Amino acid sequence: MQYFLQNVINGVQLGSIYALIALGYTMVYGVLRLINFAHGDVFMIGAYVGFYAASAMKLQEQPTLGGALLQLIPVLFLAMVACAVLGLIIERLAYKPLRKAPRLTALITAIGVSLFLENGGQLLFGADPKFFPSVTPQGPKGTIRIGELIISVDQLVLVIAAALLMAVLWYIVSRTRIGKAMRAVSHDADAAALMGINTDNVISFTFGLGAALAGAGGVLFASLTYAKILPLLGVTMGLKAFVAAVVGGIGSIPGAMLGGLLMGLAESFVKGAPAIGPFEPSRWTDAVAFVLLIVVLLVRPAGLIGNAAPEKV
Amino acid sequence: MLSLRRILTVSATLGILLFLSFFLEQRLQAVAFRVVMLSGIAVVMAVSLNLINGFTGQFSIGHAGFQAVGAYAAAALTVYGHNRIFGNLPRSGQLPDTLQGFLLGAPAMICALLAGGLFAAVVGYVVGLPSLRLKGDYLAIVTLGFGEIIRVAVENTEAVGGPRGFTGNIREGIYIPNLTSFFWVYLMVVVVVVVSRNLRFSVQGLQYLSVREDEIAAQAMGVNTTRVKVNAFVLGAFFAGVAGALYAHFEQSVSPTSFGFVRSFDFVTMVVLGGLGSITGSVLAAVVLTALPEILRSSLGAEFNQYRLVAYALLLILLMLVRPQGIFGRGELRLDRLFGRKGGGGPAGRDNVEDQPAATELR
Amino acid sequence: MPVLSLQNVTKRFGGLVAVNNVSLTLEKGDLAGLIGPNGAGKTTIFNLLTGVYAPTEGSIQFNGQEISGRKPHQIARLGVCRTFQNIRLFPDLSVLDNVRTAASTHEQTGLIGTVLRTARFARAEGEVTAEAKRLLGLLNLNHLENEDARNLPYGDQRRLEIARALATRPELLLLDEPAAGMNPQESGDLMRLIRRLRDEFGLTILLIEHDMTVVMGVCEEITVLVYGQPIARGTPADIRNDPRVIEAYLGSEDSEAALETEAA
């Protein structure tokens, strides 16, 4: 039981990060029908911005959680703004001229942008890993024990922060004017334009919003899981998050959250599974995402929450 | 079918390839020869992917996975089959660059090519099945996923070295032989190009194109779109597997990281840059995209080398923005047109493209 | 034995009943029309006949053979072919290749034969091309054979769809609004063409059409569909005077157009 719950906790932690990234994929796909392959690299840039901001502000380990949050929030905000700007630039320069081009062309461009960010990142940040300074209280003060179960404060903060960000997103999409416009464009871009919605602005806003979430994900991931920050950090994380978005039903915001969470849980359980004879499930962790993907798509071709309209003949 | 002309063409092709094989291997610098070989293998990959993406319009972005299957299957055959079948090959895997060495290796090479191709074709069949239910981006992400599953599976197979990669059966001291000569690479280039061309300019090929154009209309006209799509996947995967066998016996080592999805993207890029559906375009783009980074590497100094990949990425974005239909458009590039236009002084490019179906060339 | 026989065919999409308990028979050589207001389920019937959808209930027999539930390409190969309301050509293929694609589906050269260019392949290839050219000639499209289908004017695209359908050698031809977007001159030619195809090819033809001049002028028997249900059936003269039909059309957006064209 304890083992089970521990896996759930790890899974939710990882899943929150996947969900944050997946939201950007799903929103951009919703308005543009484009797989923005560069999105995972925006996540990576977010982690780096966070790292450099933390270094510049000389962040240190704080004795209390409140103090830690006070230090982390400006860093998080900075990374979100930086990534939003980056997202807007990418959209304006690389994708906007291709609105009418074949889908495959836009996809190749997205791959090009992704390669550019990765290789530019190698150049700018160097190939050796960076580590985010530890900010939250460590040791006994940094863990919560519930019986046998150990939850670190880091995990708790990460999951709550991710949940708050998603709540803000939900509010924007469902309760604001621009959110309504986003939904309209996603439903039918041409009709939305006829109704007087400036689709270009909506698309730009969507890119910015998605990139900001990815940036936040990057900072949370780097600061609270102590992962290595590398220029290729966004490659696998981005790919798995995209798969999560597809599993949930691409274009659907709750789908991305559900898919991310599911992906995190599945990976955490496989990673934590004991060996069965010579078979070690943990070594197959990287394949879990894709097996899940194929199974889900074969059963529900439009993802878990998603409906593909049949083609009109 | 077995006309005299055909026999002559085939013999002449084999002769020229054999001659070039020894000539180039001796005359070219090691670096240049390597570029020639890798370009040839990339051509096989790009042209075979074009069968799936360009002809039938299916959206496959996991082609390197098929290459991985072919590479590992072929390498495993020549290494683990050494004692029983290929005992006459040196255990070190180093065959001499002579006619004798070539003849010694030929049977093993043929077996390796077939094994690589057939294994990959079986996997291609399995990957092709979802294409019956999924379309566009969904299919793309599934093919990509299959590629990644193959990579993880290879990493977990100790018999082929797991994550460390595979160079041979180290315990018994048997290594992957260097069977891949210029002859085999370019023979396969010729085969894949001829197969593609014969398919493209035939009524059977029209059925493939009709699936790309409008699947529902194609079905209504009696085209078995299921079979066409699966055929395209199987055929494309077969040649990717062949390319894998060539690659494994050229490098004499294979590693799971050589066939990741980043590599798959390279092949998709080649096909799109060459113009979707265009065979000549795929060939040219494969050569350029393989040779260019190597040339940049050797011509630029060490300090520029780090900018190489950034420049490559920028070039890719720029090309897509300027010529989204591919450098040469979607038709076939024809030499006679190119030369015929010289006098006219018209700009090279779109006008040189052959848009019409070739007159059915019957022999 | 009738060429086509629908018995109590119903198609539901969720709660919507698109086609409700329709029965219909066509004998060899019939030239029949299917009319009704927009959304009456006419195109859905075509989609059921060609295997795009399977009926929820009922049976569809072609030459005595049950075809409901079969795949579209199997039905096409049995001899049921169609055109589309919203033209679905192969836009980037040439006019000739559009027709050759459809003509190729009875030739079983196979992948191996094609790749090796066997003698059998060459013969089949020649036959397919000759047949395609003959059909283009019949529809006065031969001068356009090398043009990409997407570049054709609207009326030519409609006729190319008919040529392509004929290339599958159908026994039953389904035409979905063949006169849509045509001027009176073109639709007059189309009517002559439809009769000629029926006579020369021995075809059975079922057509959906909103242009009443065409329907009344060419069809020998007309079925009127409203809300997925047939409400009347008979000769053009019967239909014109049937009070139920007039009622069904009144108030619908087609009524004015229908009455206008009839008056013309």
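Let's start with a crossing in chain B. Helices α4(B) and α9(B) cross in a right-handed sense. By class, their contact has 18 nonpolar, eight polar and one charged residues. Keep in mind that this is a predicted model.

How are two packed helices described? By the angle between their axes and the distance between the axes. Here the axes come within 6 Å and cross at roughly 140 degrees. Helix α4(B) covers residues 99-128, and helix α9(B) covers residues 225-251.

Now step back to chain B as a whole. It has 14 helices and four strands. It has 363 residues, and 55% of them count as buried. What about contacts along the sequence? Take those between residues at least 6 apart in chain B: 80% join residues at least 24 apart.

Next, the contact of chain B with chain C. How many residues does each chain put in? Chain B gives 28 residues and chain C gives 37 residues. On the chain B side, the elements that give two or more residues are α6 (182-200), α7 (203-213), α8 (215-220) and α9. Which of them gives the most? That is α7(B), with seven residues. By class, this side of chain B has 13 nonpolar, twelve polar and three charged residues.

Over to chain C, and its sheet. Four strands form an open sheet here. Their order is β2-β1-β4-β5, and the pairing is antiparallel.

Let's walk through some of the pairs. Strand β1(C), residues 4-13, is joined to strand β4(C), residues 57-62, by five bridges. The two run antiparallel. Within this pairing, C:L6 has C:I60 in β4(C) as its bridge partner.

Then comes β4(C) with β5(C), residues 65-66. This pair is antiparallel too, over two bridges. Who faces whom? C:Q61 has C:E66 in β5(C) as its bridge partner. C:F62 stands opposite C:Q65 in β5(C). The two strands form a hairpin, with two residues between them. Look at C:N63 in the turn: it has a positive phi of about 50 degrees.

What lies across this sheet? Helix α1(C), residues 42-49, lies across β1, β2 and β4 of chain C. It runs at about 65 degrees to β2(C). Is this helix enclosed or open? Eight of the eight residues of α1(C) are buried, so the helix is largely enclosed by the rest of the structure. Among them are C:K42, C:I45, C:F46 and C:L49. Just after α1(C), C:G51 takes a positive phi of about 85 degrees.

Last stop, chain A. Helix α2(A) covers residues 39-56, which is 18 residues. How far does it reach? From its first C-alpha to its last it spans 26 Å. That is close to the 26 Å expected at 1.5 Å a residue. Is α2(A) covered or uncovered? It is mostly covered, with 14 of its 18 residues buried. Just after α2(A), A:K58 has a positive phi of about 50 degrees.

Note on methods
Residues are numbered from 1 along each chain as its sequence is written. Chains are lettered from A and ligands numbered from 1 in the order in which they are written. This is a predicted model: local features need pLDDT of at least 70, side-chain atom pairs count only at pLDDT 80 or more; totals for chains, interfaces and linings use all residues. The expected span of a helix is 1.5 Å times one less than its number of residues. A residue is buried if 20 or more other C-beta atoms lie within 10 Å of its own, exposed if 12 or fewer, and partly exposed in between; C-beta atoms are placed from the backbone. Two strands pair if DSSP finds at least two bridges between them. Axes are lines fitted to C-alpha atoms, for helices over the stretch in contact, and angles run from 0 to 180 degrees between N-to-C directions. A crossing is left-handed if the near helix is turned anticlockwise from the far one by less than a right angle, and right-handed if clockwise. Ala, Val, Leu, Ile, Met, Phe, Trp, Tyr, Cys and Pro count as nonpolar, Asp, Glu, Lys and Arg as charged, and the others, Gly among them, as polar. Two residues are in contact if their C-beta atoms, placed from the backbone, lie within 7 Å.
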